[in-house]
Each structure stands twice: as C-alpha cells, then as structure tokens.
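Please look over the sequence and the structure below before reading on.

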Amino acid sequence: MSRLRLLSILLIFSAICGSCGPGGESSTPASKAQGPASAPSVEVVKVVSKQLSITVRLPGELQPYEAVAIYPKVTGFVDWIGVDRGSRVRNGELLVRLVAPELAAQRSEAQAKLQTAEAQQVEAEAKLSADEGTYQRLRAAASTPGVVSGNDLQIAQKAAEADRARVRGAQDSSIAAKEALRSIAEIEGYLQVKAPFDGVITERNVHPGALVGPSGGPGVAVPMVRIETPSRLRLVIPVPEAYVAGIPEGTKVEFSVSAYPGETFSAPVARIAQSVDVKTRTMPVELDVSNPSTRLAAGMFPEVLWPVRRPHPTRFVPTSAVARTTERVFVIRIRDGNADWVDVKTGTTSGNLVEVFGDLKEGDQVAARGTDELRPGTQVTPRQAPSI
C-alpha cells in the first residue's frame with residue numbers, strides 16, 4: 001500500500017515538471033511575446049494668452065487733504081482763544097489773540113525814531129534852502145567885477161552841495177524809520193492768529209494765559225491748534241511694484257472701511273508718485289475722496305480693491321504646471337513627444353492660472369503637473385488634461 005502511494009506521488013511530480021521548460025521557465029507563447037516598456041502618459045494643457053484684469057485687496061490710509069499745525073510767529077501770552085476741538089472755522093476767522101507787551105515798547109521806540117528822522121530831514125531841507133539862496137545871490141553879485149570875491153562864491157557853492165547831501169541822508173533815515181515802524185506793525189499783526197482755510201479744529205493744546213512761541217522755540221512742544229479739511233480727503237495707497245503698471249490717473253477705485261460694513265465707496269486716482277520706495281518696494285498712489293457728509297474721517301484704514309491691468313496680453317499656464325527647484329523655475333513643454341524644460345518667471349496669479357514670462361508661445365503644450373522627476377528629453381505620450 002505504501003508503495004502504491006509513493007508511485008502516485010512520483011507520477012504527479014513528473015507531470016508538473018513536464019509543463020516547464022529548461023531551467024524551470026514557462027514555455028507558454030504569451031511569455032515569449034512580451035515586448036519592451038511603453039512611453040509614459042503625461043497630461044498636458046495649452047499655454048493661453050489673455051490680458052490680465054484682476055482685483056487685489058490693498059490697505060490704505062485716509063488723510064486730510066489739507067492739514068496745518070498752527071504755531072504763533074512771535075512769542076507771547078494767549079489772551080483769548082475762540083475755538084475748541086470740533087469747531088468749524090472759515091478762512092480768515094480769528095482763532096487766537098495774543099499779547100506781547102514788549103512789542104508795544106518797540107513800536108513806541110520806532111515811532112520816536114521816525115519823528116526824529118523826519119525832524120532832521122526838515123532841518124536839513126531848511127538849511128539847504130537858505131544856503132542855496134545865499135549862493136544864488138552871491139553868484140548874481142559876482143557878475144559885477146570886484147563886488148564878491150571868488151573865494152566867497154566857492155564857499156557858498158560848497159555849503160549848498162553839503163546841504164544837499166545832508167538832505168539825502170535825512171531822507172534815507174526817514175525811510176528806514178518808516179520801514180522799521182511798519183515791520184513792528186506787521187509783527188503786532190501776528191498776535192492775531194487766523195484760520196488759513198475752511199476746516200475743523202481737530203486739536204487744541206493751549207488756554208488763556210499760556211506762553212506760546214514759534215515752532216522749535218524753547219519750551220514749544222505742541223502747536224496751539226491743528227486744523228484739517230474734512231470735506232475732502234486723500235486716500236494714500238502703497239501699491240506694490242508689481243501692480244503699478246497700466247492704471248492711469250482718473251481710474252475709479254472702490255474701497256470700504258470697517259466703520260460702515262457692507263458699504264462700498266469709490267474715488268478716482270488723482271496722483272501717482274512715479275517713484276518706488278526703496279525700503280518697502282511700493283509706490284504711493286493718492287485718490288481724491290469727496291466727503292461732503294464727513295462720514296469718512298482722516299486716520300481710517302480702508303481696504304482698497306485695487307485693479308491690476310496689463311497694457312498687452314501675457315501668457316498663462318495653470319499654477320500646477322510651474323515647477324520650482326533650488327536652482328530654477330520652469331515648465332515642461334511637450335513637443336513631438338519629448339519633454340523639454342523651459343525656464344520662466346512668474347507674474348500675477350489670476351484664479352488657478354499664473355502669468356509666465358519665458359520662451360513660450362500661445363498654444364504650446366506643457367505638462368499639467370510640473371515636476372523635476374520628468375527629465376528633459378524623456379519620451380512621453382501627451383494626453384489632454386481635463387478643463388481647469
């Protein structure tokens with residue numbers, strides 16, 4: 001019985017070995033027909049060309065169109081102040097009245113000097129008139145020989161000429177004294193501090209009796225008052241260098257402020273600095289904001305919807321098509337079934353597309369997913385990617 005079982009096992013083993021070729025390899029035709037590996041399939045997309053037109057959110061700051069910190073031009077004491085924080089004033093309206101006793105003394109001195117100079121001028125003119133008359137009479141008498149000596153005539157002539165010089169000097173002294181008195185009067189006018197334009201007082205720092213003086217003077221740290229124009233504001237926007245092109249003056253720009261959620265305001269671009277700040281790499285742009293209702297206020301920080309435009313169409317690819325390594329930024333162009341790395345510079349993102357600048361043309365096919373694993377020169381089978 002054991003021999004029969006052993007014989008059966010040997011027959012089964014022989015049958016199994018018979019189905020294998022030499023070396024234990026299968027001899028089936030399918031294994032002999034297997035060919036070389038096929039080219040990998042790569043999803044591709046086309047490079048598109050379009051004109052960039054997007055909106056980015058930038059911070060801005062509202063500033064008064066006109067703002068002045070008012071200091072007195074002369075040192076004095078505050079005698080009266082007629083405004084306070086929030087007061088609306090008109091151009092030329094009296095804000096502060098000062099007193100300076102030393103100016104009164106200077107004016108009296110200047111008046112006395114003017115009177116002295118005028119008296120000296122009158123005296124000089126009178127002497128000139130007398131000496132001129134004497135000289136004329138002597139000259140008339142000298143026409144008769146022997147009546148008047150030549151020396152006396154010459155003395156009279158020189159005396160008249162000296163008198164004329166004294167008159168001119170007295171006249172100059174009188175004019176100088178008048179100018180000095182006028183200067184004192186102008187300085188006294190500085191004691192009346194008036195509003196330079198229509199606006200609102202936003203700051204008051206002095207009260208009657210306070211000693212005030214010009215900006216930068218000893219003990220002067222703050223202005224007497226500060227005045228601003230609330231009906232017209234400047235919206236200053238630091239625009240990044242990449243976003244400054246293609247926005248002309250007059251373009252309407254929308255913005256919003258946290259004080260009025262859900263409400264949008266707009267204003268035209270009024271001034272472009274045309275110079276980039278080297279520290280922040282931004283260019284200041286100003287919008288003129290009309291604010292007759294004074295709902296907006298200087299110092300607010302709006303969120304600006306800044307339009308980004310390009311003057312000419314540019315090339316776009318999906319953001320996933322751009323590959324980055326430590327050495328380069330590139331896309332993989334598929335041409336005639338071969339992969340080729342094309343170095344690019346990226347620009348602004350528009351949705352799921354990004355601007356690229358390099359040796360690309362509209363309609364070129366690039367790999368939908370850029371990766372450095374797909375080496376240049378690799379044979380691939382392009383397959384159109386789904387719409388992105």
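In this predicted model, the side chains of Arg 310 and Thr 348 are joined by a polar contact of 3.4 Å, where a polar contact is a pair of N or O atoms within 3.5 Å; within protein, one must be able to donate a hydrogen and the other to accept it, and residues adjacent in sequence count only if both atoms are side-chain atoms. A polar contact of 2.9 Å also links the side chain of Arg 310 to that of Glu 355. Leaving aside residues up to four places away in sequence, Arg 310 touches Gln 51, Leu 52, Ala 242, Thr 348 and Glu 355, contact meaning heavy atoms within 4.5 Å. Arg 310 lies in the loop between β17 and β18 (314-318); strands here are DSSP runs (E, at least two residues), numbered from the N terminus.

Residues are numbered from 1 along each chain as its sequence is written. Because the model is predicted, local features need pLDDT of at least 70 and side-chain atom pairs count only at pLDDT 80 or more, while totals for chains, interfaces and linings use all residues, and side-chain values use heavy atoms, with hydrogens and water left out.

How accessible are the residues listed next? Buried means under 20% relative accessible area, exposed over 50%, and partly exposed in between, with a 1.4 Å probe and protein chains only.

| Residue | Relative accessible area | Class |
|---|---|---|
| Arg 310 | 15% | buried |
| Gly 299 | 36% | partly exposed |
| Leu 211 | 57% | exposed |

Gly 299 sits in the loop between β16 (282-290) and β17 (303-309). Although Gly 299 and Leu 62 are 237 residues apart in sequence, their C-alpha atoms are 5.3 Å apart in space.

Leu 211, for its part, belongs to strand β11 (residues 211-212).

Turning to the sheets, four strands form an open sheet in the order β5-β12-β10-β7, with antiparallel pairing; two strands pair if DSSP finds at least two bridges between them. The edge strands, β5 (67-70) and β7 (88-89), each pair on one side only. Within this sheet, strand β10 (residues 199-204) and strand β12 (residues 225-228) run antiparallel and are joined by four bridges, and Glu 203 stands opposite Arg 226 in β12.

Elsewhere, four bridges connect the antiparallel strands β14 (residues 252-256) and β15 (residues 265-272), with Val 253 having Ala 267 in β15 as its bridge partner. Strand β15 is also joined to β16 by three bridges, again in antiparallel fashion, and Ile 272 stands opposite Val 285 in β16.
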